[in-house]
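Take a moment to look over the chain before reading on. The paragraphs below move through helices, charged contacts and surface patches.

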Amino acid sequence: MEERASSTKNLKRVLGFGDLMGVAFGYIIGAGIMTLLGSAIAMTGRSVPFAFLMAAVITICQFLPTIITAGTVRLRGGSYTMVAMLCGKQLAGTQVIIFLFQSMSMAMYTLSFGSYFCSLFGLPAVYERFIGFGVLTLLYAVNLMGVDKFAKTQRVISATLILALGLFAGFGMGKIQPGYFASEGFFTGGVFGFLQAAGMLTFALGGGSGVVSLSAEAKNPTRDIPLVAIISTVVVAVIYALVGFVGAGVLPVEEVAGQNLTVVASVVMPKFAYVFFVACGAGLALVSPINGQLATGPRPVMQMCDDGWLPRKLATLNKNGSPWVIQTWLYVMGALATFANLSVSTLVSLSIVAGGFISVCMNLCVMRLPVVCPEEWGASKFKLPKPLLVLACLIGGGASAFNVFINARNLTPALLGLNVVVVIGALCFGVLRGRRVEMEISYEKA
């Protein structure tokens, strides 16, 4: 494998608006609803469509400060650059450890893919983890071929996912049982169950802001990334809500709670459409975010290597311009979590709770943006009067804190303790390692 020295400065700026939109849709659409709809129905019953809409509100509030920042400067290291420029050296180091810990969340999709594959072909559940590991291995190999090929693939995947979910909603709407809103299955978990479902479902809608990690490779990041993040989140939330009506309204709530969408799809869809939905729709929905995480995840880590938090050798590029060492780390972590005895909902909560600490701090620190880069802020399309900027940051920080609280309640004391240990360990790493780190400025005018 041919290798060469690397930096986020060496990444090619080849991604346009359409490429980024395809990545965002592929990163969000399908995977969340395929994976989490059954769990959300178990929490709130037939009010699940409104939980998706509430999740969209929480999600946009959470990444509102990120949108403002991404619309002001090019962030070569994605969210890591935001923390480094606005929150200081110690919290930048803290994010290094938390980011690596969060890479386990990839197993949420590998496990779900294995579940759907076994459902389609009638295989025993014992094969689920091995099938998930197989698709992870395949996508790891694909991502070693370069980001431009990944982006084009994601656009095709996104179109296929929209078609599959459209067929599910179209065939199912006419089969929703009468009295949907009057049903005893509405708000089954009360107000808190509804909020808990919405908090969990933010994981299903949060992928739109992931395109920030591709800022170094975007042609016009300050225009395209904010638009892509907002549009993709709103459109997917509406699609999810429509699918949620069908998923919760055709069969009794107790039959679909905790189940995947094949249970309802087999009832509402003819054979040809059902096979397409499971093989292409569900399968690609779960493949897409794995693909996206392997592609976008290494970019912040590359900047961490540039800054000296991690060995620079980790950011080595192969002949296709792919950071293969970091991608291998993500692959290994995803594989280990796939074979660990953790549920999908636990993996989601683990990821959100640990990362939420950084999210709260980062959102609040965006208040410093006009001071850190006054020239770029003056020219930004997102320039706000100081009171409105402070309000946006408080809303973002509050939404992130609320999400941490809601998802922390899903964890056992042992897993919650693990999150606390990770955050404390990450803080110690940031303080101790920070004494020997000289960070470069990784944001620039676009």
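Buried means under 20% relative accessible area, exposed means over 50%, and partly exposed lies in between. Glu 440 has a relative accessible area of 27%, so Glu 440 is partly exposed. Keep in mind that this is a predicted model.

Start with the charged contacts. How many salt bridges are there? The count comes to seven. One of them joins Arg 76 to Glu 440, with the closest N and O atoms 2.8 Å apart. Arg 76 has a relative accessibility of 3%, so Arg 76 counts as buried.

A second salt bridge pairs Glu 444 with Arg 74, at 3.7 Å from N to O. This pair also links distant parts of the chain, 370 residues apart. Glu 444 belongs to strand 4 (residues 443–444), and Arg 74 to strand 2 (residues 74–75). Glu 444 reaches 22%, so Glu 444 is partly exposed.

Another bridge connects Glu 217 and Arg 299, at 3.0 Å from N to O. Glu 217 lies in the loop between helix 9 (190–205) and helix 10, and Arg 299 lies in helix 14 (residues 298–307), so the pair ties together parts that are 82 residues apart in sequence. Both Glu 217 and Arg 299 are buried. Some of the bridges share partners. Through them, Arg 13, Arg 74, Arg 76, Glu 440 and Glu 444 are joined into one network.

Now turn to the helices. Helix 1 has twelve residues. From its first C-alpha to its last, helix 1 reaches 16 Å, close to the 16 Å expected at 1.5 Å a residue. Is helix 1 mostly covered or mostly uncovered? Mostly covered: ten of its twelve residues are buried. Among them are Leu 20, Met 21, Val 23, Phe 25 and Ile 28. Asp 19 and Tyr 27 are buried too.

Helix 10 (residues 221–249) can be checked in the same manner. Its 29 residues should span 42 Å at 1.5 Å a residue, and its end C-alpha atoms are 41 Å apart, which agrees. Helix 10 is mostly covered as well, with 21 of its 29 residues buried.

Two elements give two or more residues to the patch: helix 3 (48–70) and helix 10. Which element gives the most? Helix 10 does, with four residues. An α-helix has 3.6 residues a turn, so residues three or four places apart point the same way.

Lys 12, Lys 149, Lys 152 and Lys 219 form a positive one. Lys 12 is in the loop between strand 1 (3–4) and helix 1 (17–28). Why does Lys 12 count as exposed? Because its relative accessible area is 62%, above the 50% cut-off.

Finish with two loop residues. Phe 187 is in the loop between helix 8 (147–173) and helix 9. Its phi is near 50°, a positive value in a residue other than glycine. With a relative accessible area of 36%, Phe 187 is partly exposed.

Leu 411 is in the loop between helix 19 (386–408) and helix 20. Its relative accessible area is 9%, so Leu 411 is buried. Where does Val 353 stand relative to Leu 411? The two are 58 residues apart along the chain, and their C-alpha atoms are separated by 9.4 Å.

Note on methods:
Residues are numbered from 1 along each chain as its sequence is written. This is a predicted model: local features need pLDDT of at least 70, side-chain atom pairs count only at pLDDT 80 or more; totals for chains, interfaces and linings use all residues. Side-chain values use heavy atoms; hydrogens and water are left out. Patches are made of residues with over 30% relative accessible area and no salt bridge: like charges are joined within 9 Å, nonpolar side chains (Val, Leu, Ile, Met, Phe, Trp, Tyr) within 5 Å. Accessible areas come from the Shrake-Rupley method with a 1.4 Å probe; for residues, only the protein chains shown count as cover. A salt bridge is a side-chain nitrogen of Lys or Arg within 4 Å of a carboxyl oxygen of Asp or Glu. Lys and Arg count as positive and Asp and Glu as negative; His and the chain ends are not counted. The place of a charge is taken as NZ of Lys, CZ of Arg, CG of Asp or CD of Glu. Buried means under 20% relative accessible area, exposed over 50%, partly exposed in between (1.4 Å probe, protein chains only). The expected span of a helix is 1.5 Å times one less than its number of residues.
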